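Me: Please take me through this structure feature by feature, giving the general idea before the particular case.

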Amino acid sequence: MTKLVKEIAVTATTGQHENELIGIAKIPLNTIPAAGMTMCSGKNNQVAEQEHRHMLRIILLHELEMSKVAPHWWCGTFSPQGEQLLTQHIAQSGLTPTEVALCQWSVFAGIHQNHALSFTLFSNLLDKLVKPLQTGAVLEEDVKLFWDATKKLLPSCFSVIRKIRKKSASEKTTMKQVTEILKIFNHINSLEPLPSTDLFPLVLYPWVTYNGEGPNCNIPATLNDAVAQGANDWMNHILENNKRADETDISKLQNLNQIIHLVRSDLQKAIEFYDKLFQDGYNSLTNGDANANPLIEGTSLFELYLAIQRFTTLGIGLCPADCDSFHIKNFHLWFHRGVAQWLDIAVYKALQRIEKAVELDKLVHVDNTVKYSSSAVDTLTIFYQVKVFWQQLNWPDVEGCYTFIAKIIDDICRCCVFYADKMSAKVDGMGDVQDIYEKKFEVTNEWCLAINNIDYVRETLEPFTRDLGMEEVIRKISELKSPVEAQRCEHTLENVIANAIDTVRNKIIELLETVVSKMAPAMKRLLIEGAELCNQDSNSVDRLMMYVDNNLSTLHRELNEENFNRTLEIVWDMLSDTLGEIIQLNLDKRRPPSFFDNLRKTLNLMLGSFKNPADCDNCDALRRTEQILRINGLETADLIHQVHLDLTEQFKQVKDSPYGEISVRSKFEGNTLTIEVMNARNLMAMDSNGACDAFVRVHLLPEHKFSGHDKPKTKTHNKTQFPLFDEKFVIKLNPEQRQIEDAILLFSVKDKDLLGYNNQYIGEAFLHFKDIEDTTQPINCLPQVHLQLSRPTDTTMTSDTVRALERRLGDKQAKEFLRKFKQRKGS
């Protein structure tokens, strides 16, 4: 042995200070003679391991000092001279790969405390060490050596986890480092520490929530504490570095906003970069063996089930007489608890495949004869595979079949909903366009295909469930138990299926509502523009028509009929809500009737673009909205007449009135209107003597269209409730007045005041021009018309027409009419 090697060995053995070792390590490696390695020859393994650790330590310190390697960078690559020395030393010492790996683990962990090495280095070493440590192929002294080194390594691992928020997650090195640390945790957690091992002493880990019972070696719990403590440290860091400038309210709000922004950014980073990584890592820790794969295990178990099933079937075929005595006959009971896991594995695989199918879907028609794309077909193929699994299972127990079928149906529903969500996410953002006028949404073929795909999958749910053999299971339950029990089971399964179908149908409706809600802003803007500029030289109405027509054409062409009709219903509801907002806003602004009239015209033009505009009448909300627009779009005189038209229809329903009844005859002969007021009966007593002094006045409505005509009035009949008027009035109309479509006669019956200044109102009746016969017969040959007298009611006062008049606060005509109208109201 050369003098230099002796110095290295003595220095390393006596544990001199690190600086002395580094000083020796600065000597060039090529000055250490390779022949000197023969010193190890003939020694036992422990001595050879110790000397190898010393040599490995010196060479590594030399590498780090000479190469100036950055922290967390060195991952086990030596220079050619160092590699040659170590290779010869290993060969001449007779060290096994496990012993070499243990030496490396011990030395690297010690050096890592002062000069951080790559975590990949330790992860790769654990790949070699875990199996020997688990199988007991390592001496107890070496096991202690391993755990002592592990105790040195772990603080830096947990330090990275705690300080992860201060690193940039977008850097590949950061994610790689975290991944390797989680692998290290996973490997160490799979090992059984020595009873005396205390991996996490409270001196080094004051933040660990250790309960003081047993060895402190819980990797998952410590990882959980590290994440929690890291979050606490980060929050304190935020608060410390974002203090308020002063104590004013504005400063407090700004400070709070900044803190919330930083916390939100941290959460977003966690979701984007770390969430899945930590979930997978933590699941591996808590599930035990890092090499165990539940999917592989479950699949292998199912293969065993099928093998025993075939073996049993073969035995029954060979020995049909003795098969009932076979112990293996009820082998399925051995696997009963595994079926639920198999079903979970099946649905897990199905969800993975559905996600991949949606990802690969180009959203084009499978062919020209159908209206769905590839992912819909792939999803049904996945469902078919689930059905094949169930058929292969061929579960013999009837009650178990019933339970498992219910679970399969529920799982398939879950897959359908998952597919619907993935399709929705895939098309989200498609169709958003910007033109010179505005940013708007255009319905695309992709949106329609997404909707059709979900519906296509939904339509297969019920046939699929029938193919699971549900009817046969129900029949067997009836034979085994009772028809009542079978009916109950059938009803339960029917409910499960119905709920599944309804759930998926609701997903379709949600997607349709999303399409319509994206169309709503553009339609609202264009409707308002149309109301503002309808009578001016503007292309806003044309743009509205084009926008609606283009989108409806796409929907009609690409959607199936049922979904298109659903879309129309949603559009109508959306329009009614949108118009309701526009109407209320502009009523509050006291916009003129022309605005509402233009809005109604624009709406009707737009509805004309619908493929079946007559169906719009089926939407009560839209019909109601159109009626409100029509009313508020009327000029005041026409609105007053609308009040009388409403009363005409209302009074027709009166069968027995407390105000009495009036009998009249009337006819048209050309443009001449003849009216005969004959009598009244059972008039309400208005005088203290139990009678009244009644007369009748005839009004031609609307008044503004019959200006210039007197209002005929009968003579007053005193002290009677049954006046006999028998008076005839002839009114000459011009051709235009004769053709007024909604003209009516108002018969107003009053009780005359003694002086004629305060006549009391008894009641009124209406007769529509269209109900008056045009004839040359004498009027006394025509039948009498009996009209029940009535008055406006509280309901009338709250009608849309009266409220529209009440909103016209600055309109004298409306104000005067309402004053008189309220005097006519009954109690």
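Me: Is strand E3 mostly covered or mostly open, and how many of its residues are buried?

Reply: Buried means under 20% relative accessible area, exposed over 50%, and partly exposed in between (1.4 Å probe, protein chains only). Helices (H or I, at least four residues) and strands (E, at least two) are DSSP runs, numbered from the N terminus. Strand E3, residues 661-669, is mostly covered, with 8 of its 9 residues buried. This is a predicted model, in which local features need pLDDT of at least 70 and side-chain atom pairs count only at pLDDT 80 or more, while totals for chains, interfaces and linings use all residues. Residues are numbered from 1 along each chain as its sequence is written, and side-chain values use heavy atoms, with hydrogens and water left out.

Me: Which strand is joined to E3 by 9 bridges, and which by 4?

Reply: Two strands pair if DSSP finds at least two bridges between them. E3 runs antiparallel to E4 (residues 672-681), with 9 bridges joining the two; Glu661 stands opposite Arg681 in E4. E3 also runs antiparallel to E9 (residues 785-788), through 4 bridges, and there Val664 has Val785 as its bridge partner. In a regular strand the side chains alternate between the two faces of the sheet.

Me: Which residue takes a positive phi in the hairpin of E3 and E4?

Reply: The hairpin has 2 residues between the strands, and Gly670 takes a positive phi near 70 degrees.

Me: Which residues touch the most other members of the largest nonpolar core?

Reply: A nonpolar core is a set of buried Ala, Val, Leu, Ile, Met, Phe, Trp, Tyr and Cys residues joined through side-chain atoms within 4.5 Å. The largest has 102 residues, of which Tyr305, Phe383, Trp390, Leu393 and Leu575 touch the most other members. Helix H18 (residues 483-533) gives this core its largest share, 19 residues. Apart from this core lies another, of 55 residues, among them Leu60, Ala109, Ile188 and Cys217.

Me: How many helices and strands does the chain have?

Reply: The chain has 27 helices and 9 strands, and 46% of its 827 residues count as buried.
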